[in-house]
Amino acid sequence: MATKVHVGMETEMIGNGVPEKVTNIWKKRVLDFSGKMKRFPGWLWRTIWKVGREDPRRMIHAFKVGLSLTLVSLLYLMEPLFKGIGTNAIWAVMTVVVVLEFTAGATLCKGLNRGLGTLLAGSLAFLIEFIATKSGKVFRAVFIGAAVFLIGTAATYMRFFPYIKKNYDYGVVIFLLTFNLITVSSYRVENVLKIAHDRFYTIAIGCAICLFMSLLVFPIWSSEDLHNSTVGKLEGLAKSIEACVNEYFNGSEIKENQDKSSEDPIYKGYKAVLDSKSTDETLALYASWEPRHSRHCYRFPWQQYVKVGTVLRQFGYTVVALHGCLQTEIQTPRSVRALFKDPCIRLAGEVTKALKELANSIRNRRHCSPEILSDHLHEALQDLNTAIKSQPRLFLGSNNNQATNMLALAAAHAARHKQEKGHGVSLSSVKTDSSALLEWKTKRLSEQARENERKVLRPQLSKIAITSLEFSEALPFAAFASLLVEIVARLDNVIAEVEELGRIACYKEFNPEDDEIVVTCEKPPVDVTKNQLPTHASD
């Protein structure tokens, strides 16, 4: 073999002059690629299984979309239908692809927006065309251009109106598209009426297929998703509070098990609550489009669900702050925490029990238990208050110790200031000969070393200075306990909103034995059997 020397390095060459190192790299890449291709089928199957297992309705929706596209393709495949509609059938295919959404409310919103926008645009375009045909060619072109400008400007500006942007933004876009296509095409195409007529009917066919699939074939309701997500958020908050308090008092045991898991269970519980604002508003908007599909046709109180979500987010912010107490730099010693362990765990347990009761009441569409705020919760609060009062020195400390600590800190600060001042004076007395210059450089290097050491030690010294105060050992726990009490106070707001939801949605009365369901609302009460649960609907 020949060798090649380049910049002090030797690389062996193979017979054709290609470096052996490059060949090995390409062999490694080919082997890696082949390994990935072998693992790809297994990875693809696991992904398909995981997505379908998380929500089986996704598979149902996929089949519904495939069936809808097959039905709308008959406009092309069947000769009699193609002769009647022609190439304009492509608008029906586009409508199915764009309009058919996961939930019935989303499909209704987009389908009705598309149909209404097409109808209004066609009507206005015909009016513009009727006026333009009565004039000359030049005036007709000017009139069409002015109409396109005015209508386009006005419609685009209307999209900024909050109500229109929230409910009819897609319809306005379709209106602009259809109006411009018909109006501008009418200047060159003679039979524009037939084009608009065919397009309207093909869009109507596509919307009809979408509505049929969404409302009658295994319907998926946005109101159901909003209902279930509210239940899940309450249960997630309950799990977060329980896990947070347990980790605070049993941190060493919890962390060993937590290292094995990829995600913090506390964060996982309240994450869905904090990120739910846009999701709740979107589901509530789609739920407002859905028809009343319950047995008794009661309206679905989607606005109240949004209010419950808002209160839960405010409640979740306190849980986030409680979780932050586990990650502070200054921590209360285990021996001090043990003094308040039992009342705190009992208090957190009662709050968790109340949140789970609220979740069950919404899930089963019944009113909350009258004893949701039981005497055990108030007893746990009193026990925590008594335990804190029994240890006043932990939170208040003694004046003598505080004065001593403050004097020690002041003395240390004065000594450090005097030392720094002394260094400043010594620097001003530097000599000019070579020996003095060498001495000055040596001092300069030593000062820089001390300055770097001081920067490293400053956080530790500040932490030591803080922890030297007697009451600082209990300050982190005081913050933890105050947030726990704040959670109890905010629990009343959550209960009030859930009870209001039950009143508006006509939830059944709470019955411990659950032998009979009594529906109460502003209408005359209706008695139903256990298996005939009243479901929800929307306006």
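Partly exposed here means a relative accessible area between the buried limit of under 20% and the exposed limit of over 50%. Keep that in mind while touring this predicted model.

Start with K271. At 33% relative accessibility, K271 is therefore partly exposed. In total, the structure holds 17 salt bridges.

Next, select E129 and R140. Their closest N and O atoms are 2.8 Å apart in a salt bridge. E129 sits in helix α5 (residues 104-132) and R140 in helix α6 (residues 137-158). Both E129 and R140 are buried.

Move to R365 and E224, whose side chains meet in a salt bridge of 3.6 Å, N to O. R365 is in the loop between α16 and α17 and E224 is in helix α10, so the bridge ties together parts 141 residues apart in sequence. R365 counts as buried because its relative accessibility is 13%. E224, at 24%, is therefore partly exposed.

Now go to the largest nonpolar core, which has 58 residues. Select F315, L355 and L358, the members that touch the most others. Helices giving at least two residues each include α10 (222-249), α14 (302-324) and α16 (341-363). Color α21 too: with twelve residues, α21 gives the most to this core.

Zoom in on L355. Leaving out residues up to four places away in sequence, L355 touches L234, L237, A238, I241, F315 and L491.

Last stop: a separate core of 13 residues, including A121, A147, F179 and V192.

Notes: Residues are numbered from 1 along each chain as its sequence is written. This is a predicted model: local features need pLDDT of at least 70, side-chain atom pairs count only at pLDDT 80 or more; totals for chains, interfaces and linings use all residues. Side-chain values use heavy atoms; hydrogens and water are left out. A nonpolar core is a set of buried Ala, Val, Leu, Ile, Met, Phe, Trp, Tyr and Cys residues joined through side-chain atoms within 4.5 Å. Buried means under 20% relative accessible area, exposed over 50%, partly exposed in between (1.4 Å probe, protein chains only). Helices (H or I, at least four residues) and strands (E, at least two) are DSSP runs, numbered from the N terminus. Contact means heavy atoms within 4.5 Å. A salt bridge is a side-chain nitrogen of Lys or Arg within 4 Å of a carboxyl oxygen of Asp or Glu.
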